[in-house]
Amino acid sequence: MKRTTLSLFAGAAALAAVTGFAAVSAPGDTGAETAEPAARLPVERTSLLCPAPSASDLAETTYTSFTPVTEGAEEKGTATLTAAADGAGAEAGKGGEDAGSGKDGEDAKDGNDGKDGKPVLRPGAPGTPVTGTASGADAPALTGTAEGSHAPGWTVQQTTEVAAGTGRGLLGLNCTAPDTEFWFPGASTASGRTDYVHLTNPDDSAAVVDIELYGKDGVLKSTVGEGVTVPPGGGESLLLSTLTDVEQTDVTVHVNVRSGRLGAAVQALDDKTGGDWLTAAADPAGELVVPGIPADATSVRLMLFTPGGSDADLKVRLASPSGAITPAGHETVHVKAGMTTGVDLGEVTRGEAGSLVLTPTSGSVPVVAAVRVVRGEGGEQESAFIPASDPVGARATAAENRAKGTTLSVTAPDRTAKVEVTASAGTEGGTTATKTFTIEGGTTQNVEVPVPAGLKGTYALTVETVSGGPVYAARTLTGEDEDVASFTVQPLPDDRGTVSVPKAEQNLSVLQQPPA
């Protein structure tokens, strides 16, 4: 019996460190006894997937890789980003004395387009971000793996600037971990929109996926999206308007993987307001937070979908710097089961930081949500998307930040919270800086981001929950041209740098792994 218990404990620790989760219970355990709190250990291995950045010849893409320093992590490790398909234009990492191989930094600045199977980018030592670049329409999707010291909290930001044409502007996303299900409220098949769903397969076997579309009246029937095969180690992009002949302003995309696992994201390109990435929304839930709506937003459109068989009625609140307020004329929203609902909130932030907080009026029904945000006026409008997000948790990470053009928004929708924000060293120099902030319950604050002393290049930010909460956060990047309103917003959920591992004396009869 003792051997079994010890073996199970070892298995639980290994499973948690690699997958990010291990939960245990004893046969017949009712949970009546108070269990000793589980220990938190750094993960030992993680994977990230970045979609092909753009089909524009004018595209200029920057990849920024960063692993926060994590207490208890292994002393050595490696991380690589490799092309998932043939592509050209990627350069190797720049900056960070350990940028090469995780050992001595050899080959860190040797250009490589990924065609020969060699890494496109070799992330640097924990605590120092590393950048790589790609140009034009041939830049490939990337697959990456980090192990040992490089794994806990590993984050890669992909930012693309497109100077002109459909989808111009600043397109950004955090490269995602592979999973088996994704929800994207906020897509469109309307005239003037060109939306693609990008799928990237990290594994050595093909993945099979179903893509379902839901409009204002329910499912948009199509057999084209059924049984889509994504080749081993490869990527696919599908134009949504080829999956259905129905034009809809608001569409929810559901990506359900039958076999294997994938990374998925929607690239939304608009003829008039530019483009950005629409990343997966937080899993369906009765209460949702959409963090970090820019203060100068000139238009905000909320898109919602409930995947179950019941309608949802939600209270809409805006967490502002002074407290929670209810948008006039939009106190509640009704979401019909299986149908996508869109609501124009206009200039809801009115010059102040804001986050949307959605709660049930009665009876919790799981919902997914996102907002489309427009900045600027007339012919100089630009758009971006913010999906509902999971909370910061223990720590969240934003990999690419600039001395100018970075805004960090933090909200505590319920209880007052204290957070610690740390700026890393720069890619080409600088020393870390840290600030602590108190976020009053029911408010959103655009905090004064610390900037590394002697900063050269770009830097990373981590947000850690010190007390209270839960806390939600988002980071906004704006383009370097002050006359253009280009921007991109990334929510900052927990970076999954550590996981809970049961104490040795607990009965480890059952292990289970949740979705990524």
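1. First, a term used throughout: helices (H or I, at least four residues) and strands (E, at least two) are DSSP runs, numbered from the N terminus. With that in hand, Thr349 sits in the loop between β23 (340-346) and β24 (354-360).

2. A word on what you're looking at: this is a predicted model, where local features need pLDDT of at least 70 and side-chain atom pairs count only at pLDDT 80 or more, while totals for chains, interfaces and linings use all residues. Residues are numbered from 1 along each chain as its sequence is written, and side-chain values use heavy atoms, leaving out hydrogens and water.

3. Thr349 counts as buried because its relative accessibility is 3%; buried means under 20% relative accessible area, exposed over 50%, and partly exposed in between (1.4 Å probe, protein chains only). Not counting residues up to four places away in sequence, Thr349 touches Ile293, Pro294, Ala295, Ala297, Leu318 and Gly354, where contact means heavy atoms within 4.5 Å.

4. Arg350 is also found in the loop between β23 and β24. Arg350 is exposed, with a relative accessible area of 74%. Its phi is near 50°, a positive value in a residue other than glycine.

5. Look for another positive phi at Arg496, about 55°, although this residue is not a glycine. Arg496 lies in the loop between β36 (487-491) and β37 (498-501), and is partly exposed at 37% relative accessible area.

6. Now try Thr444, in strand β32 (residues 443-447). Thr444 is buried, with a relative accessible area of 0%. Leaving aside neighbours within four places in sequence, its contacts include Ala319, Pro321, Gly354, Ser409 and Thr411. The side chains of Thr444 and Thr411 make a polar contact (3.0 Å); that term stands for a pair of N or O atoms within 3.5 Å, where within protein one must be able to donate a hydrogen and the other to accept it, and residues adjacent in sequence count only if both atoms are side-chain atoms. The C-alpha atoms of Thr444 and Pro291 are separated by 8.3 Å, with the two residues 153 apart along the chain.

7. One for the backbone checklist: the peptide bond from Gly469 to Pro470 is cis, with omega near 10°. Pro470 is in the loop between β34 (459-468) and β35 (472-478).
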